[in-house]
Amino acid sequence: MSQVCESETPEDRVVETLSRLPPKSLMRFKCICKSWCTLINSLSFVAKHLNNSMDNKLSSSTCILLSRSQAHVFPDNSWKPEVFWSMINLSIDSDEHNLHYDVEDLNIPFPLEGHDFVQIEGYCNGIVCVIAGTSLYLINVLLCNPATGKFRQLPPSYLLLPSRPQGKFQLESIFGGLGFGYDCKAKDYKVVQIIENCEYSDDQQYYYHRIALPHTAEVYTMAANSWRVIKIDISSETYHYSSSVYLNGFFYWFAIDGEKYILSFDLGDEIFHRIQLPSRRESDFEFSNIFLCNKSIASFCSCCDPSDEDSTLCEIWVMDDYDAVKRSWTKLLTFGPLKDIENPFTFWKTDELLMVAAGGRATTYNSSTGNLNYLHIPPILNEVRDFEALIYMESIVPVK
């Protein structure tokens with residue numbers, strides 16, 4: 001150990017100190033001198049900073065990235081969506097179990113105009129993958145690092161046609177699902193996009209004349225900055241309900257094709273897999289989404305309380321990972337009845353579950369004490385249209 005200290009230079013100590021600072025400080029320090037700017041932009045420093053952020057187990061708080069949108073209505077009754085991104089730092093007293101939180105609104109200039117919706121579809125290493133558009137035919141995919149405020153707009157899809165077909169038996173393609181993550185084998189960030197295809201047997205294109213066609217898929221790699229078509233072999237009746245969850249080189253989606261299941265994608269082999277959900281046929285419980293729970297994939301299961309139809313009984317199931325295709329499930333938690341709870345997002349601590357309540361209110365539920373705390377998060381004034389949340393770790397990983 002003494003040999004390491006003796007061989008450490010002043011430059012090494014500067015690098016070590018800088019690599020433990022938050023991105024905001026590093027962005028300012030890039031302006032101090034050219035050598036610091038070169039250092040902070042270097043791939044080795046970015047990797048060191050990312051590793052330090054991942055290893056920061058001493059932090060007493062958990063950072064949540066929260067995305068909400070509402071309709072801004074103009075005097076002529078036209079409207080456009082307003083998107084609010086906020087950072088929430090949550091912590092709990094170790095002795096008294098009191099909840100503390102602070103909210104920082106992120107003023108990130110969104111680089112596109114004329115979009116009707118903005119949704120977070122994936123997250124990895126401080127970068128979020130966002131889709132924005134006016135319809136599911138016209139989608140823009142962007143990568144954003146909220147900590148640095150930088151965006152990267154991806155090239156247009158090879159497979160997604162920009163408008164609806166004009167006649168019968170013409171191909172219609174719409175956005176089906178998307179995932180973003182890091183491929184450790186290729187050492188590159190990837191985006192996979194699933195396209196749903198169909199045609200119509202009449203010129204009016206009524207839904208009951210819709211003919212489902214096989215899905216198609218494509219992969220974008222950050223290094224090549226381009227898309228390429230890949231094989232996908234799933235039912236043409238599959239629909240994707242959830243944003244993707246990335247974990248250990250796999251994407252996961254909650255999907256349905258007559259029965260609900262988990263669709264997974266291996267970033268290394270670029271192969272899709274089907275994973276069965278636990279059987280709950282003997283009860284009224286229904287699975288509705290997936291999320292991260294302490295570095296595992298979890299699924300939320302619920303039903304109406306027989307004694308009070310306004311209340312919900314809830315279960316959390318966790319997937320045990322032992323094979324790329326075969327998975328087992330363990331029931332982690334049963335709780336409720338709860339009123340006005342719509343959707344869980346993630347466990348931000350072992351027994352604290354971040355959820356959304358009716359009206360778009362952020363809520364944290366303690367499964368040990370049963371306490372339910374509502375978080376006051378401005379500046380939403382009207383009804384929240386879209387509400388997304390994920391555990392976030394700041395980084396300086398570049399998107400360009």
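**View 1. Surroundings of Phe-272 in the predicted model.** Leaving aside neighbours within four places in sequence, Phe-272 is in contact with Val-192, Ile-194, Ala-217, Ile-230, Lys-231, Ile-232, Trp-253, Leu-263, Ser-264 and Phe-265, where contact stands for heavy atoms within 4.5 Å. This is a predicted model, in which local features need pLDDT of at least 70 and side-chain atom pairs count only at pLDDT 80 or more, while totals for chains, interfaces and linings use all residues. Residues are numbered from 1 along each chain as its sequence is written, and side-chain values use heavy atoms, with hydrogens and water left out.

**View 2. The largest nonpolar core.** The largest nonpolar core has 64 residues, and those with the most contacts inside it are Leu-65, Trp-85, Leu-143, Val-191, Phe-265 and Phe-272. Strand S5 (residues 127-135) gives the most to this core, contributing 6 residues, and at least three residues are drawn from each of domain 1 (9-52) and domain 2 (108-276), the domain bounds coming from an automatic or database domain assignment. Apart from this core lies another, of 17 residues, which includes Phe-250, Ile-275, Phe-287 and Trp-329. A nonpolar core is here a set of buried Ala, Val, Leu, Ile, Met, Phe, Trp, Tyr and Cys residues joined through side-chain atoms within 4.5 Å; buried means under 20% relative accessible area, exposed over 50%, and partly exposed in between (1.4 Å probe, protein chains only).

**View 3. An open sheet of 4 strands.** The strands follow the order S8-S9-S10-S11 with antiparallel pairing, and the edge strands, S8 (172-183) and S11 (226-230), each pair on one side only. Neighbouring strands of this sheet are turned by 25 degrees against each other on average, direction ignored; the axes are lines fitted to C-alpha atoms, and angles run from 0 to 180 degrees between N-to-C directions. Strand S8 is joined to strand S9 (residues 188-200) by 11 bridges, and Glu-172 stands opposite Cys-198 in S9. Two strands count as paired if DSSP finds at least two bridges between them, and strands (E, at least two residues), like helices (H or I, at least four), are DSSP runs numbered from the N terminus.

**View 4. The salt bridge between Lys-190 and Asp-183.** The side chains of these residues meet at 2.8 Å, N to O, a salt bridge being a side-chain nitrogen of Lys or Arg within 4 Å of a carboxyl oxygen of Asp or Glu. Lys-190 counts as buried at 6% relative accessibility, and Asp-183 counts as buried at 4%. Both belong to a network of salt bridges that links Asp-183, Lys-190, Arg-228 and Glu-270.

**View 5. The salt bridge between Arg-274 and Glu-259.** The two side chains meet at 2.9 Å, N to O. Arg-274 lies in strand S16 (residues 271-276) and Glu-259 in the loop between strand S14 (250-256) and strand S15 (260-266), so the pair ties together parts that are 15 residues apart in sequence. Arg-274 is partly exposed at 32% relative accessibility, and Glu-259 is partly exposed with a relative accessible area of 32%.

**View 6. The salt bridge between Lys-331 and Glu-315.** The closest N and O atoms of this pair are 3.4 Å apart. Lys-331 is partly exposed, with a relative accessible area of 39%, whereas Glu-315 is buried, with 3%.
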